[in-house]
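Student: I would like to work through this structure step by step. Could we begin with how its parts touch one another?

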Amino acid sequence: MRDVFDIAILGAGPAGGNAALASVQQGLRTVLLDEQPSAGGQVWRARSASILAAPETPESRAGAHLRSKLSTSDITYLKDARVWQIAREGDIWQLQVLSGGQSDAVEANALILATGAREFVQPVPGWTTPGVIGLAGATALFKQNLTLPGRRTVVSGTGPLLFYVASEIRRLGGEVAAVVTPNTRADWLRALPALAGKPRLLGRGALWIADLMLARVPIYWGHAVTEVLGHDAVSDVKIARLDAEWAPQKHVATIGADSLCLGNGLIPQIEPAQMLGVPIHYDAALGGWVPDVSPDGVTTIASLYLCGDGTGIRGANAAALQGRLVGLRVAADLGRNTQQARTAAQRAWRRAACFGRSMTVLSVARPGLQAVTSEDTIICRCESITRRQLLEEIDKGAASANAVKSGLRVGMGPCGGKFCQTAIAALIAKSRGRDVSTVAPPTARPPLRPVPLGAAAGSFDYDDLPIPKPAPL
Amino acid sequence: MIRLVADQSAQIRRAAEVRFSFDGADIIGHAGENLAAALLRAGCLILRNAPHDDTPRGAFCCMGLCQECVVRIDGQVVEACRSEVAEGLIVERAG
């Protein structure tokens, strides 16, 4: 008989990592699965083996701390492990895990999804040009490889991530051509009360901005990138001033650069929860569509729990605290007494979550930003489908994400819709005069990640194919 | 000029250089380096062309989701951003 764990945790970022630590401390047999080579998630991503020495950062220290605690624990940690299918077999969760080209099943009584976030990028003409990378993608390059996106980079997007990326480029020896953000100084002033409770973060942010100003890097507040020029590589980036709803007004500058980091906030990765039947709702202040879940991770599905940015974007600190809280909650449901620890954990999480939410509000794109996507701009990168094609499909009657997907295959390419669905939902909403909260994401289906057909079939033999008896005439 | 964020690039020590190939061209990377990063540092930005309109594509999300950086290693299609560089590694274009 196969080994059944007490608890399986999907995602080894701040949330999943801390959930695993909390549950193993309660004596639960815990398996932690993550698709990256090291634990830490995106925010605490580990350096690659090619980096022998480098200065530490607050993020590298936090990641190293988590990884050291995980490595000295009794957690069964599966790295480079991609979960591509999850199903309930009786009372047991069965996860299909692709690792090293082979697919195997992992089984557990309870399941915590800590799937984190991905990035939203509003498509602009030329955003498929090599040299354009996501803002969050750039942080992965910095943290894992201490590598720059190019020699001279335009950094554009929303929220606090923007200034972190610009500052890291300078720290790693690159040149920032310009910082371009739809946020205005007034937006940031409104976030000050929340930031005031985080003096260290506020100080760090102020230092980044002061450094850019001293270096005479232009910071364009209330602006956005409207076009990327160059075919095989980025040559220039065009920017425009935005109105209050972030619609581009007037072309302002064409900035010479060989690379562009572009991002408009993070969105929760809800697909695994959605696929397992957890209801979802729209909350712009949490990054869009989020699962219905209690602070301690309980869902409508028995023995399925959620934590971290996959339940709404609240940032790494909140994710770590919620991971611990949810780990303790699962332990309680499996018969351990964790009441006292949970009360303290929940209080700490609430404070961190409140701050994270105020940063998410800064990051969420306003509806006007859609206008940076021209008629001929590719929205679905996998299938090269443009805004014009999508509008034609919507005009023909496609009124939902599922309908547009059936008609045009958007979301059926290799990425599975991860980089087009948010923009498509906004386009449907705009064309139909509806609110974006009424355009639900398409039905989530396996595989959750691309999987080679041979690995999915496993040791299945054609001759074993059960042939049903013919139906009586 | 006064810098508030110091340039720390000189303090980074990387592992020994290794030679690998991409689409027939010799590339120098560092042992254990992430493949997408090594290609980027070598100036190899175009990793494939999109199947429907042939537009050039390169690494985009850098976290294993977008599938823009897929290449072929040992006959398997893999994401460059989830692969590692090693001496003698042969990397081919996937599309």
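Student: How many residues of domain 2 of chain A are in contact with residues of domain 3 of chain A?

Tutor: Bear in mind that this is a predicted model. The domain assignment of chain A gives domain 1 (4-117 + 267-360), domain 2 (121-264) and domain 3 (375-438), and the centres of domain 2 and domain 3 of chain A, taken over C-alpha atoms, are separated by 26 Å. On the side of domain 2 of chain A that touches domain 3 of chain A there are 4 nonpolar, 2 polar and no charged residues. Facing 6 residues of domain 3 of chain A, the number of contacting residues in domain 2 of chain A is 6.

Student: Is helix H1 of chain A largely enclosed or largely open, and why?

Tutor: Helix H1 (residues 14-25) of chain A has 12 residues, and a residue counts as buried if 20 or more other C-beta atoms lie within 10 Å of its own. Among the elements that cover the buried residues of H1(A) are helix H2 (58-71) and helix H8 (316-333) of chain A. Because 11 of the 12 residues of H1(A) are buried, the helix is largely enclosed.

Student: Which residue of chain B stands opposite A:Ala53?

Tutor: The contact between the chains takes 48 residues from chain A and 41 residues from chain B, and strand E3 (51-53) is one of the elements giving two or more residues to the chain A side. E3(A) is joined by 2 bridges to strand E1 (residues 13-14) of chain B, and the two run antiparallel. Within E1(B), the residue opposite A:Ala53 is B:Arg13.

Definitions and conventions
Residues are numbered from 1 along each chain as its sequence is written. Chains are lettered from A and ligands numbered from 1 in the order in which they are written. This is a predicted model: local features need pLDDT of at least 70, side-chain atom pairs count only at pLDDT 80 or more; totals for chains, interfaces and linings use all residues. Two residues are in contact if their C-beta atoms, placed from the backbone, lie within 7 Å. Helices (H or I, at least four residues) and strands (E, at least two) are DSSP runs, numbered from the N terminus. Two strands pair if DSSP finds at least two bridges between them. Domain bounds come from an automatic or database domain assignment. Ala, Val, Leu, Ile, Met, Phe, Trp, Tyr, Cys and Pro count as nonpolar, Asp, Glu, Lys and Arg as charged, and the others, Gly among them, as polar. The expected span of a helix is 1.5 Å times one less than its number of residues.
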